Amino acid sequence: MKESTKDVRRRAARIVEQALESLHRSGVTHVKKLPLPPPAIPTAAVTAENPSRSTPMPRSQGKKVLPSLTQIAQLEQSTDPRCRELGNVAREVSDCTRCAELARTRTQTVFGAGNPSARLVFCGEAPGADEDRLGEPFVGRAGQLLTDIIVKGMKMRREDVYILNILRCRPPGNRTPSPVEAAACREYLDRQLAIIQPEFICCLGACAAQNLLQTDAAIGRLRSKMHDFNGVKVVCTYHPAYLLRNPAAKKQVWEDIQMLLAEMGMK
Ligand code: SF4
């Protein structure tokens, strides 16, 4: 049944209220609760089944509410149980301080994005500067390349898959995550995968492959074959950021993606 404009506005107000409450819980006490701004919010932006990226960010005293908090509120409001479960974990992650340095230097946590019932999950290393700013994984130049692989190479949509990282916080200067940090964040990765229940995981780069599969083998040895992770088929390939520096490696990535598509019955 189609929601009335009044219902949509009421639901939007709840989302804004939750985001502001989350800010308060995070210790930002100077942000006051404000009435919802007068312009109408597009229905699609607040439909629970369609957590749109175009949702207007609530503003308060000239400061933007962090995108990740708005995303969490949308997940929590969803009618899809998997979205709500992911929202619960994402809420926990947003306050996480297990890695003291990362918790101090991050702008926000970057939980993951995509279809909560995806057959295929892409797993990268950690958020970079763009991801830290926008609260979503793979949104910079490497992210555009990953989108090209999904859309042009696999003939899928980015919304069909789920994308996450080994770490949910940006390491300063984009350094490689330490083993201690990867171990600390592993619980969240496992919980996300347990909720999504993908059939396939594609590890992007050595960090993702080695941490997921708990091996120290080089990515060159891990790629081009199928692995098993608790019954989930895993393909490992080079990270899109590596491809930006070494375009010649696109050939190997293409071979890995072809192998993955064949396993998925899409070739
Ligand atoms: S990287 Fe993971 S474990 Fe470390 S502080 Fe961030 S959310 Fe917590």
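# Sheet, helices and ligand shell in a predicted model

Me: Do β7 and β8 run parallel or antiparallel, and which residue in β8 does Phe229 stand opposite?
Reply: β7 and β8 are joined by 4 bridges, and the two strands run antiparallel. The residue in β8 that stands opposite Phe229 is Val232.

Me: How many residues of β4 are buried?
Reply: From β4, Leu120, Phe122 and Gly124 point one way, whereas Val121 and Cys123 point the other way, and all are buried. The strand is therefore largely enclosed by the rest of the structure, the count of its buried residues being 5 of the 5.

Me: Which residue in β5 is the bridge partner of Gly124?
Reply: β4 is joined to β6 by 4 bridges, and these two strands run parallel, with Val121 standing opposite Ile201 in β6. Another 4 bridges join β4 to strand β5 (residues 162-165), and this pair runs parallel. In β5, the bridge partner of Gly124 is Asn165.

Me: At roughly what angle do the axes of α3 and α4 cross, and is the crossing left-handed or right-handed?
Reply: The axes of helix α3 (residues 67-77) and helix α4 (residues 81-94) come within 7 Å and cross at roughly 145°. The contact is made by residues including Leu69, Ile72 and Leu75 of α3 and Leu86, Gly87 and Ala90 of α4, and by class it has 6 nonpolar, 3 polar and 3 charged residues. The crossing of α3 and α4 is left-handed.

Me: How many of the 8 residues of helix α9 are buried?
Reply: The buried residues of α9 (residues 206-213) include Ala206, Cys207 and Leu212, and what covers the buried residues includes β4, α8 (179-196) and β6 (200-204). Helix α9 is largely enclosed by the rest of the structure, because its buried residues number 7 of the 8.

Me: Which residue follows α9, and is its phi positive or negative?
Reply: After the end of α9 comes a residue whose phi is near 55°. That residue is Gln214, and its phi is positive.

Me: Which helix gives the most to the shell around the ligand?
Reply: Of the 15 residues around the ligand, Cys96, Arg98, Cys99, Cys169 and Cys185 come nearest, and by class the shell has 10 nonpolar, 2 polar and 3 charged residues. At least two residues of the shell are supplied by each of α5 (100-105) and α8. The helix that gives the most, with 4 residues, is α8.

Me: Is Ile150 buried or exposed?
Reply: Ile150 is found in helix α7 (residues 141-153), and, not counting residues up to four places away in sequence, it touches Met156, Arg158 and Val161. The cut-off for a buried residue is 20 or more other C-beta atoms within 10 Å of its own. Since Ile150 has 23 C-beta neighbours inside 10 Å, it counts as buried.

Technical notes: Residues are numbered from 1 along each chain as its sequence is written. This is a predicted model: local features need pLDDT of at least 70, side-chain atom pairs count only at pLDDT 80 or more; totals for chains, interfaces and linings use all residues. A residue is buried if 20 or more other C-beta atoms lie within 10 Å of its own, exposed if 12 or fewer, and partly exposed in between; C-beta atoms are placed from the backbone. Two residues are in contact if their C-beta atoms, placed from the backbone, lie within 7 Å. A residue is near a molecule or strand if its C-beta atom, placed from the backbone, lies within 6 Å of it. Ala, Val, Leu, Ile, Met, Phe, Trp, Tyr, Cys and Pro count as nonpolar, Asp, Glu, Lys and Arg as charged, and the others, Gly among them, as polar. Axes are lines fitted to C-alpha atoms, for helices over the stretch in contact, and angles run from 0 to 180 degrees between N-to-C directions. A crossing is left-handed if the near helix is turned anticlockwise from the far one by less than a right angle, and right-handed if clockwise. Two strands pair if DSSP finds at least two bridges between them.
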